[in-house]
Amino acid sequence: MSPRPDPSSPRSLARRLASRGRARVARADRLTLVAGVVAAASGVLVFAVAATVFAYHSTNHDEGVYLMQAAMLRSGQLELHAGALADAFHPWFFVEDGGRLYPKYSPVPAAMYAVSMALFGEPRVTLAAVAAGNAALVYLLGATVFDRRVGLAAAVLFAASPMAVASSAVFLPYAPTTFFNLCFAVAYLRSVRDESIAAAGVAGTAIGVAFFARPFTAVLFAAPFICHALVRVGVAVRDAGVLPLPLPGAVRRHGLTALLGTLFVGVTLAYNLRMTGSPLTFPYEAFAPMDGPGFGERRLLGHSADYTPELAARSNGYALWFLLTRWVAGGPIGSALALAGGALAARRWLSGRRAVGGVRGAGGSDAVDSAAPGDPRFERTAGLLVGGVAVSVAVGNLFFWGTHNALATLSDPTDGFVSQFGPFYHFDLLVPLSVFGGVAVAAAWRALPAVRRRLADALSPRSARAVVAVAVALALVTAGVAGAAAVSTPIERNAPLADKYETAYEPIEATEFDEDLVFIPTPYGEWQNHPFQSLRNDPGLDGEVVYALDRDPAEDFAVIDAYPDRDLYRYAYQGEWTPDPTRHVAPKLEPLDVREGARIEATTNVGVPDRVETAHVRVETVRGADGESTGTGGSTTGDDFARYVVDDPAGSLSVDWSIGPDGVRLAGAPNATVPFDPAGDEAIVTVTLVDPTGSTFTYRQEATVRAAEAGGDGDAEIGDAAGVEVVWPPERSVCRLVTECGTEGTYLPDDPDAHAEWVAFETDAEASADR
């Protein structure tokens with residue numbers, strides 16, 4: 001029988017240490033693998049939400065800005081060139097400068113979306129990649145500051161945060177900017193810990209790109225690190241003396257980070273110079289000069305506020321409360337974990353005990369930067385920097401009124417953009433909240449064996465294990481339910497939006513366009529992609545379909561003249577367009593053509609119910625741009641309107657009218673000709689039915705007309721024109737009790753359920769050679 005090896009011998013000790021080392025490496029590898037799975041799952045979840053809940057984008061119409069900008073970058077363009085037609089093709093949040101259109105936002109997020117558009121034909125791939133990258137970087141950050149268990153828990157908390165899911169699933173800049181901020185934080189700390197010049201270079205590049213993407217956001221995130229770098233460089237120079245050569249390691253590393261970061265600041269200023277003509281004028285400032293950081297009067301388009309420090313404190317207080325109670329993983333539970341983790345870390349740092357994360361092995365020894373891995377000094381420094389991000393982001397956002405706007409009604413968390421995406425200007429706060437929450441989770445996990453041993457002293461070992469298992473299960477279930485509820489709430493709030501847009505876009509998606517021009521409505525003013533973000537033009541304004549705003553008659557004719565060989569359509573809908581996702585509209589896509597002749601002879605046939613006693617027929621002309629009547633008088637013989645009355649119409653009514661160079665003529669009203677602006681005007685024909693009680697029902701049609709020379713250039717004067725041009729069919733609507741009801745009364749000829757059974761509205765026109 002061979003003798004048993006001596007456990008105290010050097011060989012046995014070496015074997016045990018090697019075995020423990022292999023086990024530690026295997027455990028670390030498993031944690032890293034699990035973190036990779038978490039990151040991948042985060043990307044898949046975000047892609048699924050983006051492709052379903054936000055299939056047609058969100059109520060934040062900035063998404064269309066970034067997607068349009070991405071398409072422009074793919075085409076090698078920084079701006080659109082629309083010339084005199086700029087107002088007809090003006091996208092939401094684009095600056096108009098002498099026929100040149102450019103976005104108010106930096107091109108960095110758009111460039112990220114352009115990459116996946118070019119590689120996969122699907123920009124949502126970038127959303128998934130950014131979400132996965134952020135989760136992975138939070139893991140690396142937690143592992144760098146503390147250990148891999150903390151990093152894994154932090155990654156889970158970050159990925160499960162409702163604000164991370166919702167904001168990452170839309171084409172907005174907050175998650176992409178955080179990606180570069182996280183790259184900076186991880187690389188900066190690695191450069192300090194490992195004395196790595198390469199990591200310092202990565203840190204400078206990352207924060208430089210983040211500055212180019214969102215300068216204010218990047219500065220707030222980097223502020224604690226900048227302060228640390230300045231102190232470390234100052235200490236290193238002081239200790240090394242005047243003009244130290246070679247330069248101390250801290251000076252070389254932080255100097256490289258600053259140099260590369262400053263280089264991208266220069267790129268940002270160069271971009272400003274190219275777009276706005278001044279390196280210090282950002283495009284967003286050119287769009288709205290009073291929309292930047294600061295107090296006092298702030299204004300964006302028609303919205304303004306007196307942004308005082310008191311209002312800033314109140315707004316940001318609500319934003320932080322909503323974030324901590326609704327938009328972090330588990331809501332209040334997640335916030336409590338972050339608070340507990342921060343307290344645990346602070347207690348260890350103050351007591352001078354070993355690192356929260358445990359020993360990770362020996363490493364470098366740059367005493368100036370406290371760089372040794374596993375050294376409590378490095379953990380304390382790195383942890384304070386991560387915690388400092390929470391302070392700088394929370395305090396810094398007091399100076400920007402955007403949070404006030406996102407809240408809409410301050411104390412109502414279900415109103416405004418905050419109800420759908422959370423307080424997204426504070427997106428970077430998810431980083432320290434997740435990391436310190438991970439500290440608490442990891443500490444609880446490590447405490448389980450000790451708890452079980454103590455219970456075993458009072459109970460049997462089997463009972464102790466059962467108690468611990470039940471406690472862990474209850475904690476997981478509670479956290480899971482709270483987390484699922486927190487994530488599902490914004491998803492459920494946004495989900496009806498996809499149904500609304502799917503209904504609205506149905507006729508457009510059902511049409512195969514081929515060199516067509518579509519006029520689209522302007523429910524929120526003369527902006528493209530606001531609200532119809534999916535109806536975007538190609539950067540050259542020359543795609544298979546070109547979308548133009550339906551505006552003033554003369555301006556519509558200018559667009560038609562610019563695209564003479566395209567088929568025309570008008571996209572319209574019945575109902576009022578509102579941000580409410582539950583309020584749908586009934587859409588239609590109507591083919592148009594331009595009727596041209598010496599005179600256009602038109603006939604309108606309408607249905608009449610039995611109870612109607614009289615019908616009032618009227619024609620007038622109104623300029624579309626300002627709503628003013630073209631004529632100057634008020635007689636029925638042709639200054640600004642003409643009319644006649646039909647008694648006891650039976651079942652239907654036919655109205656004959658015509659458009660010629662002399663004006664719009666209404667048959668049945670002798671010598672009743674109404675002049676119109678030869679450059680472009682609206683000819684409006686109404687038939688108002690009146691019943692014995694005085695109730696009315698009006699058929700209304702508005703035809704876009706202009707006088708034309710023989711060549712059709714629209715420059716003729718009334719009386720000198722060779723003929724007229726009319727966009728046909730007119731816009732038709734049916735209105736109860738009023739004679740004009742906008743889109744609420746849009747006539748839908750192909751939907752028998754949209755109107756009463758007796759409603760009929762047919763109109764036709766033919767060109768005539770006779771004037």
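Buried means under 20% relative accessible area, exposed over 50%, and partly exposed in between, with a 1.4 Å probe and protein chains only. The structure is a predicted model, in which local features need pLDDT of at least 70, side-chain atom pairs count only at pLDDT 80 or more, and totals for chains, interfaces and linings use all residues. Residues are numbered from 1 along each chain as its sequence is written, and side-chain values use heavy atoms, with hydrogens and water left out.

View 1. Helices are DSSP runs of H or I with at least four residues, numbered from the N terminus. Val150, Gly151, Leu152, Ala153, Ala154, Ala155, Leu157, Phe158 and Ala159 are the buried ones.

**View 2. Span and N-terminal cap of helix 5.** The N-terminal end is capped by Asp147, with a side-chain oxygen 3.2 Å from the backbone nitrogen of Arg149.

**View 3. The disulfide between Cys735 and Cys741.** A disulfide is a pair of cysteine sulfur atoms within 2.5 Å, and the count by this rule is 1. The sulfur atoms of Cys735 and Cys741 are 2.1 Å apart. The link is left-handed, with -75° about the S-S bond. Cys735 is buried at 1% relative accessible area, whereas Cys741 is partly exposed at 22%.

**View 4. The setting of Cys183.** Cys183 has a relative accessible area of 19% and counts as buried.

Definitions and conventions: Helices (H or I, at least four residues) and strands (E, at least two) are DSSP runs, numbered from the N terminus. A polar contact is a pair of N or O atoms within 3.5 Å; within protein, one must be able to donate a hydrogen and the other to accept it, and residues adjacent in sequence count only if both atoms are side-chain atoms.
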